[in-house]
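Here is a short report on selected local features of a protein model. The sequence and structure come first, then the notes.

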Amino acid sequence: MACRSCSFSARRRTTSPATQHDIAQRLGLNVTDLTCLGHVIGAGEQHLNAGDLAERANLTTGAVTGVLNRLERAGYVHRQPDPGDRRRVRVVLDESAAARVFAVYGPHYERLGTLFADYTPDETAVLTDWFVRARAAMQLSLDEIRGSESSERDNR
């Protein structure tokens, strides 16, 4: 059984970049599009707008427009007017999209579930803590790197 407390996006990050490429290719996508699709699936009924998706995927809104065009053509998502603000669109997962994605990821999730079953809840908590803290440390490092890149560009 897969880790039920883990979001799709979190579980998707347990695969290597090479594996992500292979999975994306099998789904007819590129890795960036798969990443964005993962965010849409992870949001569930709390539909993301295009700006939210850009922020989560660390992309420009222009790049997200291209991603959404490709995801729509592939039948994974569609745009829907935001009822609260007609200038915005919400990204809505097509009905069959999640099943198509989970069919590819399913065996991986089952193996992870089997692996997690070997650990006690306390051990799983320690592992979870380590990964959460490691991700936060990596994010801090990325923010510093991106900040220094911005500073270097500004000084040119």
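## An aromatic cluster

Tyr 109 is buried, with a relative accessibility of 4%. This is a predicted model. Tyr 105 is also buried, because its relative accessible area is 0% and the cut-off for buried is under 20%. Phe 102 is another matter: at 29% relative accessibility, Phe 102 counts as partly exposed.

How do these rings pair? The model holds three aromatic pairs by the rule used here. One of them joins Phe 102 to Tyr 109. Tyr 105 and Tyr 109 form a stacked pair, because their planes are at 20° and planes under 30 degrees apart count as stacked. The centres of these two rings are 5.6 Å apart.

Both tyrosines, Tyr 105 and Tyr 109, belong to helix α6, which spans residues 97–117. They sit four residues apart, about one turn of the helix. Ring pairs tie Phe 102, Tyr 105 and Tyr 109 together as a cluster.

Asn 49 is part of strand β1, residues 48–49. Is Asn 49 buried or exposed? Its relative accessibility is 6%, so Asn 49 counts as buried.

Which backbone nitrogens does the Asn 49 side chain reach? One belongs to Gly 51, at 2.9 Å from a polar atom of that side chain. Another belongs to Asp 52, at 2.8 Å. Further along the sequence, Asn 49 is in contact with Arg 88, Val 89, Arg 90 and Val 91. That list leaves out neighbours within four places in sequence.

## Where α3 meets α5

Two packed helices are described by the angle between their axes and the distance between the axes. Helix α3 covers residues 31–43, and helix α5 covers residues 61–73. Their axes come within 10 Å and cross at roughly 85°. The two helices α3 and α5 are therefore roughly perpendicular to each other, since that class runs from 65 to 115 degrees.

Which residues make the contact? From α3 come Thr 32, Asp 33, Cys 36 and Leu 37. From α5 come Val 67, Arg 70 and Leu 71. By class, the contact of α3 with α5 has four nonpolar residues, one polar and two charged.

Terms used
Residues are numbered from 1 along each chain as its sequence is written. This is a predicted model: local features need pLDDT of at least 70, side-chain atom pairs count only at pLDDT 80 or more; totals for chains, interfaces and linings use all residues. Side-chain values use heavy atoms; hydrogens and water are left out. Buried means under 20% relative accessible area, exposed over 50%, partly exposed in between (1.4 Å probe, protein chains only). A polar contact is a pair of N or O atoms within 3.5 Å; within protein, one must be able to donate a hydrogen and the other to accept it, and residues adjacent in sequence count only if both atoms are side-chain atoms. Contact means heavy atoms within 4.5 Å. Axes are lines fitted to C-alpha atoms, for helices over the stretch in contact, and angles run from 0 to 180 degrees between N-to-C directions. Angles under 35 degrees count as roughly parallel, over 145 as roughly antiparallel, 65 to 115 as roughly perpendicular and the rest as oblique. Ala, Val, Leu, Ile, Met, Phe, Trp, Tyr, Cys and Pro count as nonpolar, Asp, Glu, Lys and Arg as charged, and the others, Gly among them, as polar. Rings of Phe, Tyr and Trp (its six-membered ring) pair if their centres lie within 6.5 Å; planes under 30 degrees apart count as stacked, over 60 as edge-to-face and the rest as tilted.
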